[in-house]
Amino acid sequence: MTNRQQNDRLDPATVIRAGLDLLDEKGLDAVSTRAVADRLGVRINTVQWHVKTKARMLELMADAVLGEIPLTDLPAAPDERARELTRRYRHALLSHRDGAALVVGTYAAEPHTLRFAEALVEALLKCGPGDREAAWTTWAVIYFTLGLTQEEQAVGQRPLGDILAGAISEAAYPSLHRVAGHLAPTSFDERFESGVAAILAGR
């Protein structure tokens with residue numbers, strides 16, 4: 001098959017879908033234009049024809065993840081709408097292996113990302129703060145969600161409680177030892193809700 005024939009039978013959406021499938025199966029470290037090309041059974045330059053570089057491919061993959069966030073059937077109250085949008089954002093990240101690490105490593109000014117940001121900023125503007133406060137609250141919510149979700153996905157099946165118990169002695173780290181029980185893997189949902197509530201309450 002010629003390069004032109006390979007290019008013609010592929011499109012960017014197919015390349016990005018293959019990249020996401022590879023991400024889910026093997027993790028972010030395994031994702032490259034060469035690995036995607038191997039998965040699709042084409043040459044690497046065929047993949048690069050559609051996505052140019054690995055960095056660009058990761059941007060489009062991150063945007064595709066945010067494209068999975070439904071923006072309909074949202075609460076009418078703007079503060080509850082902002083909370084629900086943030087919950088859906090976290091759910092989209094958790095739906096893909098290393099989803100948070102993928103998104104945090106990109107700056108995708110792409111349609112799905114911009115549509116989500118528009119919905120969140122609109123909700124926050126209707127909550128009453130000024131333009132700067134709405135913009136900065138958006139960043140705070142997004143960064144918090146990315147960071148917590150990245151930690152949650154990094155923990156995976158590792159026994160975090162055992163790691164902390166072995167590393168934090170009461171004598172050396174009394175304050176950390178005192179709160180260690182609240183940092184268990186089972187607390188991520190509660191920590192997320194508490195953190196988002198605190199950010200939105202301080203807007």
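Q: In this predicted model, is Glu 110 buried or exposed?
A: The relative accessibility computed for Glu 110 is 15%. The cut-off for a buried residue is under 20% relative accessible area. Because 15% falls under that limit, Glu 110 counts as buried.

Q: With which residue does Glu 110 form a salt bridge?
A: A salt bridge requires a side-chain nitrogen of Lys or Arg within 4 Å of a carboxyl oxygen of Asp or Glu. For Glu 110, the closest N and O atoms of the pair are 2.7 Å apart. The partner of Glu 110 in this salt bridge is Arg 56.

Q: How many residues apart in sequence are the parts that the pair of Glu 110 and Arg 56 ties together?
A: The salt bridge joins Glu 110 to Arg 56. Glu 110 lies in the loop between H7 and H8, whereas Arg 56 belongs to helix H5, so the pair ties together parts of the chain whose separation in sequence is 54 residues.

Q: Is Arg 56 buried, partly exposed or exposed?
A: Arg 56 has a relative accessible area of 28%. Buried residues have under 20% and exposed ones over 50%, with partly exposed in between. The value of 28% therefore places Arg 56 in the class called partly exposed.

Q: Which helix holds Glu 152, the salt-bridge partner of Arg 90?
A: Arg 90 and Glu 152 form a salt bridge in which the closest N and O atoms are 3.0 Å apart. The two residues are 62 residues apart and link distant parts of the chain. Arg 90 is in helix H6, and Glu 152 is in helix H9.

Q: What relative accessibility does Arg 90 have?
A: Arg 90 takes part in the salt bridge with Glu 152. Arg 90 counts as buried because its relative accessibility is 9%.

Q: How is the aromatic pair of Tyr 89 and Phe 116 classed?
A: A search of the whole structure finds 3 aromatic pairs. One of them is formed by Tyr 89 and Phe 116, with 5.1 Å centre to centre and 15 degrees between the planes. Planes under 30 degrees apart meet the cut-off, so this pair is classed as stacked.

Q: Which helix contains Phe 116, the ring partner of Tyr 89?
A: Tyr 89 and Phe 116 form a stacked aromatic pair. The pair ties together parts that are 27 residues apart in sequence, because Tyr 89 lies in helix H6 and Phe 116 in helix H8.

Q: What relative accessible area does Phe 116 have?
A: Tyr 89 is buried, with a relative accessible area of 3%. Phe 116 is likewise buried, and its relative accessible area is 3%.

Q: How far apart are the ring centres of Phe 144 and Phe 192?
A: The planes of the two rings stand at 15 degrees, so the pair of Phe 144 and Phe 192 is stacked. Phe 144 lies in helix H9 and Phe 192 in helix H12, so the pair ties together parts that are 48 residues apart in sequence. The ring centres are separated by 6.5 Å.

Q: Which helices do the buried residues of H2 pack against?
A: Helix H2 covers residues 12–26. Its buried residues are Val 15, Ile 16, Ala 18, Gly 19, Leu 20, Leu 22 and Leu 23. These buried residues pack against helices H3, H4, H5 and H7.

Q: What is the phi of Asp 98, approximately?
A: Most residues other than glycine have a negative phi. Asp 98, in the loop between H6 and H7, is not a glycine, yet its phi is positive. The value is about 60 degrees.

Note on methods:
Residues numbered from 1 in each chain as written. Predicted model: local features only at pLDDT ≥ 70, side-chain atom pairs only at ≥ 80, totals over all residues. Heavy atoms only, no water. Helix = DSSP H or I, 4+ residues; strand = E, 2+ residues; numbered from the N terminus. Expected span 1.5 Å × (residues − 1). Buried < 20%, exposed > 50% of the residue type's maximum accessible area, 1.4 Å probe, protein only. Contact = heavy atoms within 4.5 Å. Phe/Tyr/Trp six-rings, centres within 6.5 Å; stacked < 30°, edge-to-face > 60°.
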